[in-house]
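Hello,

Here is the structure I promised to pass on to you. Please have a look at it first, and then read my notes below.

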Amino acid sequence: MIQADSDSSRRVAYFYNRLIGKFHYGKEHPMKPKRIAMAHSLIVNFGLYRSLDVYLIREAQLEELKKFHDPEYVTYLSQYMSENKVNFVKEYCSTNNDGVIPENLLEEYRLITKWSQNKNTKNLNSEYKVGDSADNPTFSGLFSYCQFSAGASIDCAHTILTGQADIAINWSGGLHHAKKKEAAGFCYINDIVLCILELLRIYVRVLYVDIDCHHGDGVEEAFYLTNRVMTLSFHQYGDDFFPGTGQLNSVGLGVGRYYAVNVPLKPGISDGPYLDLFKKVTSRVMETFRPDCVVMQCGADSLSLDRLGALNLSIKGHGQCISYMKQFGVPLILLGGGGYTIQNVSRCWAYETGICLGQTIDEPIPSNDVYYKNYGGDYHLHFPIQKNVENKNKAEDLNKIVSQVYDHLHNLENAPGIHFHDVPYSFYPNMELEKDEDDKMKMDMKQEISLFELEKNLGISDEANEISVNSGSRKLHSKES
Ligand SMILES: [Zn+2]
């Protein structure tokens, strides 16, 4: 049964593209983009999409990615192709077609020749950490996958900045480990940093909150030296757990000192103590920093029974973090992230989409859901957390963390940096604010897709009722009134 709370008036923008679920890191790899398609399917089948403004994700352009990432790294990713593909095209051209390169492969062949003649390719793989380890493999469509994820997070910022939404959601985003010129932890392009940079064109202060099981190192690093972005990460820490950063005393540098907040946790923490800690820390952060917008990375590997993480949250506990941030009434962007027991990830993100709409879903999985068999056991939206898991975080340790964070934040109370009200013209020197913001919003999608295809893409072909172009991403469906 779906229950609506008294706060269902927020306008929620939701970004999706059917293609996202098709990308594949490899059979053994724990990162499965399919979980985004599974979450979407639940959002459609629970009827939540009726209350959402639905946008079709577009691919971010190279120039947009270069606003944070090193231009050569972006070029490298955009031209990368797997060794398999190189061999296939080469072999095809030499053994078929009498040695004549078919016209449709000419461009590919040109790129491949250039690629294989580049003696530095192998060095670049290791320099950029792409394809040289099991963590960050190359796979078919890798760059498009990055472009989709980033395009949606950038457009989440656009819908918030233009007042088209109070809350914007991109479950295909949240790739928080990617660095300026390096892939890390299954992440190649940092959509979160790009989203925040977009927000900083207009907003003075942005708060980043990360509840993924892993430390949000890529985002922290990007904003470590600024007082305009506060990064706050709750994560498992210790015993060589990836990425190994995010200690309590990592607080930022220069004017950014005390604008990085870290809450390192030991395994086994469950809803009660986690939420107590989360509320104590975020309430003080909101009071001290007073952000114009909150960007939240909702990695679901902090859930119980995750394949990689060892925290012990339930879906309801994870979701309460979102409800808590929502009640501050500040514009909110929700992004995905980690999450490796995929049938729990999809349930969690569908549930949290409901929270944004003020609708609580708590019922069996609709039996017509195309992924229904993945929810075996009780076929319910909520799953029981792991019993008999020891919470290795003692109450006194958690209290110590809170008081240490309060001490750090206390240093900001009289800091000049957080009292200014002028909107700066630009944040980074080469990030000029476009004179006509509207032009920016009309950024066209790479190719025109027919209305029918757009609707079919979202699985809501019978019900899409309003089509308009609002930002880079195309709006397919408006909230039903
Ligand atoms: Zn993670």
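Predicted model: local features only at pLDDT ≥ 70, side-chain atom pairs only at ≥ 80, totals over all residues.

Let me begin with the core. The largest nonpolar core has 128 residues, and the largest share of it, 12 residues, comes from α7. The residues with the most contacts inside this core are Ile196, Val295, Met296 and Ile333. If you click on Val295, you can look for its contacts beyond four places in sequence: Ile192, Cys195, Ile196, Val206, Tyr208, Ile333 and Leu335. As general background, nonpolar side chains tend to be buried together in soluble globular proteins.

Next, Ala165. You will find Ala165 in the loop that runs between α7 (142-161) and β4 (167-170). Ala165 counts as buried because 27 other C-beta atoms lie within 10 Å. Arg11 is 154 residues away from Ala165 in sequence, yet their C-alpha atoms are 4.9 Å apart in space. Arg11 is also one of the contacts of Ala165, along with Val12, Ala13, Asp53, Thr159 and Ile160, once neighbours within four places in sequence are left aside.

Last, Ile342, which belongs to helix α12 (residues 342-357). Ile342 has 22 C-beta neighbours inside 10 Å, so this residue is classed as buried. Setting aside residues up to four places away in sequence, Ile342 touches Lys32, Lys34, Arg35 and Met38.

How values were computed: Residues numbered from 1 in each chain as written. Helix = DSSP H or I, 4+ residues; strand = E, 2+ residues; numbered from the N terminus. Buried ≥ 20, exposed ≤ 12 C-beta atoms within 10 Å, placed from the backbone. Contact = placed C-beta atoms within 7 Å. Core = buried A, V, L, I, M, F, W, Y, C linked by C-beta atoms within 7 Å.
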